[in-house]
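Good morning, and thank you for joining this meeting. I would like to guide you through one structure, beginning with a single residue and then widening the view. Please look at the display.

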Protein chains: 2
Amino acid sequence: MRAQNLTLLTDLYELTMMQGYFKNPTDQVVVFDAFYRKNPSGGAYAIMAGLDQVIEYIRDLHFSPDDVDYLRSLHMFDEDFLEYLRGFHFTGDIYAIPEGTVIFPREPLVKVIAPVMEAQLVETALLNIINHQCLIATKASRVCYAAQGDGVMEFGLRRAQGPDAGIYGARAAMIGGCIGTSNVLTGKMFDVPVKGTHAHSWIMSFPDEYTAFKTYANLYPDACILLVDTYDVLESGIPNALRVFREMRDCGLSMKGYGIRIDSGDLAYLSKKAYDMLAAEGFEDAIISASSDLDEYLINSMKMQGAKVNSWGVGTKLITSNDCPAFGGVYKLAAIKRSGSEKFEPKIKLSENTEKVTNPGNKTIYRVYDKESGKIRADLICLAEETFDDQEDMILFDPHETWKKTKVKGGSYTLRELLVPIFKKGICVYTSPSVMEIRDICTHEKNTLWDESRRLVNPQTVYVDLSDKLYKMKSDLLEEMSNKALEE
Amino acid sequence: MRAQNLTLLTDLYELTMMQGYFKNPTDQVVVFDAFYRKNPSGGAYAIMAGLDQVIEYIRDLHFSPDDVDYLRSLHMFDEDFLEYLRGFHFTGDIYAIPEGTVIFPREPLVKVIAPVMEAQLVETALLNIINHQCLIATKASRVCYAAQGDGVMEFGLRRAQGPDAGIYGARAAMIGGCIGTSNVLTGKMFDVPVKGTHAHSWIMSFPDEYTAFKTYANLYPDACILLVDTYDVLESGIPNALRVFREMRDCGLSMKGYGIRIDSGDLAYLSKKAYDMLAAEGFEDAIISASSDLDEYLINSMKMQGAKVNSWGVGTKLITSNDCPAFGGVYKLAAIKRSGSEKFEPKIKLSENTEKVTNPGNKTIYRVYDKESGKIRADLICLAEETFDDQEDMILFDPHETWKKTKVKGGSYTLRELLVPIFKKGICVYTSPSVMEIRDICTHEKNTLWDESRRLVNPQTVYVDLSDKLYKMKSDLLEEMSNKALEE
C-alpha cells in the first residue's frame, strides 16, 4: 500500500532529537532556514517549486496510532514521549518564497519559526519536497530556454525515480515552462495539459506502417502526430505519413495539430529532410516533433544545426535532471529564542569552507529591481526587522569579496520582499495559485533575469548581498567564536 | 492529496492506443518484454528490484469513477471506451525475475502476456517502478562492495527525488546491501532497520558541545554516536566525546554501539587521527562513522588511504544514483498471437544500432552456473518452449560477435530458469519475500558473480547468449525485413 500519511517520512534522528528536547524541556523557539548553496547544472539561478506540497505535508502532520505503535516497537522511545507524539501538530510560523520565483544560492527559501521539536521534525520531508521540485523546475526552465519558444513536452514518467518523481516532477516541469506532460495522473491532479500519441508497438501490431498510420488518423484526426521511425524514416515513415496526410486533406479535414515524430537517428538531418518532403507537398505547417534522450545541450546544438523541429519531447534527462540529479538544499539553525527571552539569539554553523558558513539570525530577503527595465539588480538578505527606503542610495557589496561594491541610486530601483507568510501559529494563511498560474508567474520571473544570467554555459552570477547589519552580526559572531577557540 | 490509485500513472499515449485497439478489435494476445540495455555506472551487472510494487500496482489496477470523469473531460475518448475502462482489470500472465537477483542487459526482467490493451496500459508504471528500484539497488550494491564488509547506512531521504524516491529508494538500497536506513517510513512499511543519532542543530542548541554530547549520552547510552564536527573535530569534538565516553565507562556502562560521526573535512585524515585519540584512551572499539557526499569511488579511495572508518553513511549519491540517475529500462513488443491462432508470431523492432534490435518471440532465460564454484558461466535467452539437458555439452556464443564461442561440458554446469510466474490469468500466484529476505537472496546472488565482474571500474562482462533457435529466428526475421525493404 502507498503511504498516505507522510508524518514518518523523516530521518530517525529527527525523532531521537525530539525525544531529547522533550526530556530536557527548554521552551525554545528556533528559526531554521532551508536554502541551497549552488545552482544546478552550472546555471546562475534556480526556480522555486514544491511549496504547495510542503503546505499539504505540514497541514496533515499527525502521528497515527499505527505510527506510534511502530515507534514503540523500536524500543527507543518512552511512553511519555509517545503520548506527546499522539497529540502532535504543527503550531509554528512558516515563511517561504512563492513557487515559480527565480531564486539564488544562500537565500532562505523556506523559514520555519517554531518550538524546536516541531521545527526539527519537518526538516527531512520539507527538504525532500523542495529539493526535488526546485531541481526539476530549474531543469525544465533550462530546456525550454534552449528550445527558444518551441513547445517542450515532458514525458519522462517511465524513467522517473518512482511514482512521485514522475507525478511531482511533471508538476515542476510545467512550472519551469513545459507546455504539457504525458503523465495522465499529473494532468488529473493538477489540471495541466496532457499529450501523447502512439508508440512503436502500435505500428508493429499492424500488418504494415501505412495501415497503422491510417487507423490512427481516423481515430484522432485533430491530433494526428505519426511516429515515423519504426522501420525507416525517409524511405518508409515519411512516405506513408504523406500518403495519410494527402488522404486527410482530400477528405477536407482541417489539418490542425497534425505532423510527425522522430524518435531515433540523426534528428537534425532527418528533421530537415522530413521538412523538405512535407513542404514539397504543401505540408509545411506540419508539426515536426523530436525526442530521444534530449536535454538543453542537445536541443541547443540542434538549433545551431538548423534542425527543422518545432516541438520537443523531453524525457529521461529532464525528469531526473540527469547532469545534476540533486538540488542540495539544506536546513540550518539560524536563531534561538530562549524561554523568557523576547529576542532571537543568532546562531551560526562554522565550516572550513567560508561559503558554507551559515547566515545567522531571523532573516528576510529583498529583491532589488532596476526600475526602468524591471530586471533584477541583486538580492539583499537582511534581518527580518530591517526596513529600506527605495528613495535612498543603496550600497551593495559581495559578502565574500567585500571590496566589490556597487551603488544603486535612490529612486532607480524598486524593492520586493521575497518571503511571504505561509503558516501563522500553525494555521495556513496562504492559498497556492494553480500550477498553470504558477507557470505564468515563472514565465514573468524568468524575464526579470538579464539574458547574461540565463545562458546555459558560464552565465553571469546574480549578486546576493547581506545588509550591513546582518554582515556585522555574522562577522561579530565569527570573531567571537574564533576568539573563544583560541582561549581554550 | 497524495494519489492512492496509480491507474492513471501512465503516459497518455497508452490510453489513446488502447482506444485505438478498442475501436479496431483484434483479440490479439501480445508478449511484451521489459529489459534494459546497459548496466548503470559502468558495472557488469544490475540487481533486480521493485517487483513487489509492480504486483501491488497490477492488483490494484482499476479506473475509479473520478478517473473516468477526468478522461471524459479531455474530449478524446468515446463513451463506449470509457465504459470499457470502468470495468477494466488485468487478466493476463506476468513472469518476472525475482527481486535481489543479479541481472544483465537484454534479459527480459518482466514478461507480460496479455490482451494488447492490457499489456499496453501497464507499460509506463511498470517501467517507472522497475527502473527506479533496480537503479538504486544496483548503486547500493556497488557502494557496499566498496565498503568491504563495513556497514553502509542509507540516509539520502532529504535529497531523494520526492517522497517515493526516498521510500522505495531506501527499500532498494536495503536489497542492494545497506544495513539500515534513516527513513522511518521505510522502516515501518518494510520492517527494515532504521538508524540515526543527531544533527549539528542538536549541538548548536546547547550552550556548549560537551553539554550536548552528555545530554545525548544520557538519553541513548546504547546507541551513542556523537557528531564531532560542529566546531572543530580534533580540537573540540573528539576531546568532548572522549570526556563523555570516559564518564560513561566510569559509570560502568557496557559501552556497546558507541562512537563518533565525522560529516565534513578530510575524512581519511580525521578518521585516522580520531582513531589514535580514541585508542589512546582504550576506546579502540568505538564506531567511527563517516558521511559527506560519499559514493563507491570515495569510499574506495578512503579504504586505499587507510581511513579508520568502520561505518559509512551514504546519502545523496546513493539515493539518486548520482553518476547515472536513470536505469533506461524499455518495454518492447516481442510477439503477437492473432485471434484464432495458437502460435505466437515473433516481432522485432529494427534499429540502426544492432545492439538496439530487440529479441523476438515468447522467451525465457536460463542461468548457467559452474557446478563446482556456483559462479555464473553465462545466461541463455531462449524460446519459452525450449528445454535443455545439463548432461549435454552446451555451446555458448556471443550474439553479436558470433565467432566467440565456448563449450561448457555436460555435467559441469547447472541450469536455473530465471523467469518465474507472477500472475496467471490476472491472478497473482507469487508471494514476495520480505525485504530482509530479499536482501539475503541478493547477498547470495552477488556471490555468484566472479570477482572480476564485481569490480567498480572496467569489470568483466558476463555473457548473455541466445539459444540457436532464438538466434535463427532473429536472423531470419532480420533477413526477411531487409529483403522486403529492398523489394519496395
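Predicted model: local features only at pLDDT ≥ 70, side-chain atom pairs only at ≥ 80, totals over all residues.

Let us begin with Glu445(B), which, apart from its neighbours within four places in sequence, is in contact with Gly100(B), Thr101(B), Val102(B), Arg367(B), Tyr369(B) and Arg416(B); contact means heavy atoms within 4.5 Å. Residues are numbered from 1 along each chain as its sequence is written, chains are lettered from A and ligands numbered from 1 in the order in which they are written, and side-chain values use heavy atoms, with hydrogens and water left out.

Glu445(B) belongs to helix α15 of chain B, residues 435-446. Helices (H or I, at least four residues) and strands (E, at least two) are DSSP runs, numbered from the N terminus. Is Glu445(B) buried or exposed? Its relative accessibility is 3%, so Glu445(B) counts as buried. Here buried means under 20% relative accessible area, exposed over 50%, and partly exposed in between, with a 1.4 Å probe and protein chains only.

A second residue of chain B is Pro115(B), placed in strand β5, residues 110-115. With a relative accessible area of 32%, Pro115(B) is partly exposed. Setting aside its neighbours within four places in sequence, Pro115(B) touches Gln28(B), Val29(B) and Thr91(B) by the contact criterion. Pro115(B) and Leu226(B) are separated by 111 residues in sequence and by 58 Å in space, C-alpha to C-alpha.

I turn now to the interface. Between chain B and chain A, 99 residues of chain B are in contact with 99 residues of chain A. The two chains bury about 8,500 Å² between them, 58% of it on carbon and sulfur atoms; buried area is the accessible area (1.4 Å probe) that two parts lose on being put together, summed over both. On the chain B side, Arg2(B), Arg158(B) and Gln161(B) lose the most area to chain A, together 11% of what that side buries.

How many salt bridges are there between chain B and chain A? The count is 12, a salt bridge being a side-chain nitrogen of Lys or Arg within 4 Å of a carboxyl oxygen of Asp or Glu. Arg158(B) also forms a salt bridge with Glu14(A), with the closest N and O atoms 3.6 Å apart.

Finally, chain A itself has 17 helices and 21 strands, and 60% of its 488 residues count as buried.
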